[in-house]
Amino acid sequence: MASSKKIVTRDEWERKLREVKIRKDDMNRLVMNFLVTEGLVDAADRFRLESGTQPDIDLASITDRMEVKRAVQAGNVQEKIEKLNDLNPTILATNPQLYFHLQQQKLIELIRVGKINEALQFAQEELAPRGEENQVFLEEIEKTVALLVFEDVKNCPYGELLDVSHRLKTASEVNAAILISQNHEKDAKLPSLLKMLIWTQDQLNEKAVYPRINNLSTTVLEDPAV
């Protein structure tokens, strides 16, 4: 099959790459977008000074956003809710799904530390009314409360709710909501471009044999096996 494909030599491929002109300003904005979205405030500030690239949001707001994100990653959900309201009270008011997930995470944390009576009371008073209004929420509540039935959560089909990964998922949801409230993209552009690169190479593989990038961390062109 390889013989039916167009073969592009390394010299020809590198020449074509050199012909592609990318403005430095565009590259700088791409880097700044990544630093801001990922919450790397110190790196963003240094990059601003070195490149002259201005971020599209106040860098001080990144620190506030990351404090909120770290709070939920540590399981301090109530602290996170308070910080989030201090940062922008309209976020939770206009995003019932996010508020429910924060309340669900608070219930999970109560179960994690064995505060069973408090967890049951919280589920009944705070979460049950939301489940009555939303079938999806009700199913999530039932899964969470099911953790109380099993003495060994490892045997519970929903034990993954107690994994740290669930905290991180909720933290990422909050992070995205804050970015959107600041008129910023919720996802960095750079990872999307890398995914597009992989997809484009996969498409091109069907028609040509050429030096490609297999390792995104080094971006070294590798000659194909012909």
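Of the 226 residues of the protein, 35% count as buried (under 20% relative accessible area, with exposed over 50% and partly exposed in between, using a 1.4 Å probe and protein chains only). The model is predicted, so local features need pLDDT of at least 70 and side-chain atom pairs pLDDT 80 or more, while totals for chains, interfaces and linings use all residues. Residues are numbered from 1 along each chain as its sequence is written, and side-chain values use heavy atoms, without hydrogens and water.

The protein contains 11 helices and 4 strands (DSSP runs numbered from the N terminus: H or I of at least four residues for helices, E of at least two for strands). Its C-alpha trace spans about 70 × 45 × 30 Å along the principal axes. The radius of gyration is 24 Å, whereas a compact globule of 226 residues would have one near 17 Å (taken over C-alpha atoms; the globule rule is 2.2 Å times the number of residues to the power 0.38). Among contacts between residues at least 6 apart in sequence, 53% join residues at least 24 apart (contact means heavy atoms within 4.5 Å).

Helix α2 covers residues 24-37. Its 14 residues should span 20 Å at 1.5 Å a residue, and the end C-alpha atoms are 20 Å apart, which agrees (the expected span is 1.5 Å times one less than the number of residues). The buried residues of α2 are N28, L30, M32, N33, L35, V36 and T37. They pack against α3 (41-51), α4 (59-73), α10 (164-181) and α11 (189-205). Just after α2, G39 has a positive phi of about 80 degrees.

E109 belongs to helix α7 (residues 96-112). E109 counts as buried because its relative accessibility is 10%. Its side chain makes a polar contact of 2.9 Å with the side chain of R167 (a pair of N or O atoms within 3.5 Å; within protein, one must be able to donate a hydrogen and the other to accept it, and residues adjacent in sequence count only if both atoms are side-chain atoms).

The structure holds 2 aromatic pairs (Phe, Tyr or six-membered Trp rings with centres within 6.5 Å; planes under 30 degrees apart are stacked, over 60 edge-to-face, the rest tilted). W13 and Y210 form a tilted pair, 4.8 Å centre to centre, with 40 degrees between the planes. W13 lies in helix α1 (residues 10-19) and Y210 in the loop between β2 (208-209) and β3 (212-213), 197 residues apart. The rings of F100 and F137 have centres 4.1 Å apart and planes at 10 degrees, so this pair is stacked. F100 lies in α7 and F137 in α9 (residues 135-145), so the pair ties together parts 37 residues apart in sequence. Both F100 and F137 are buried.
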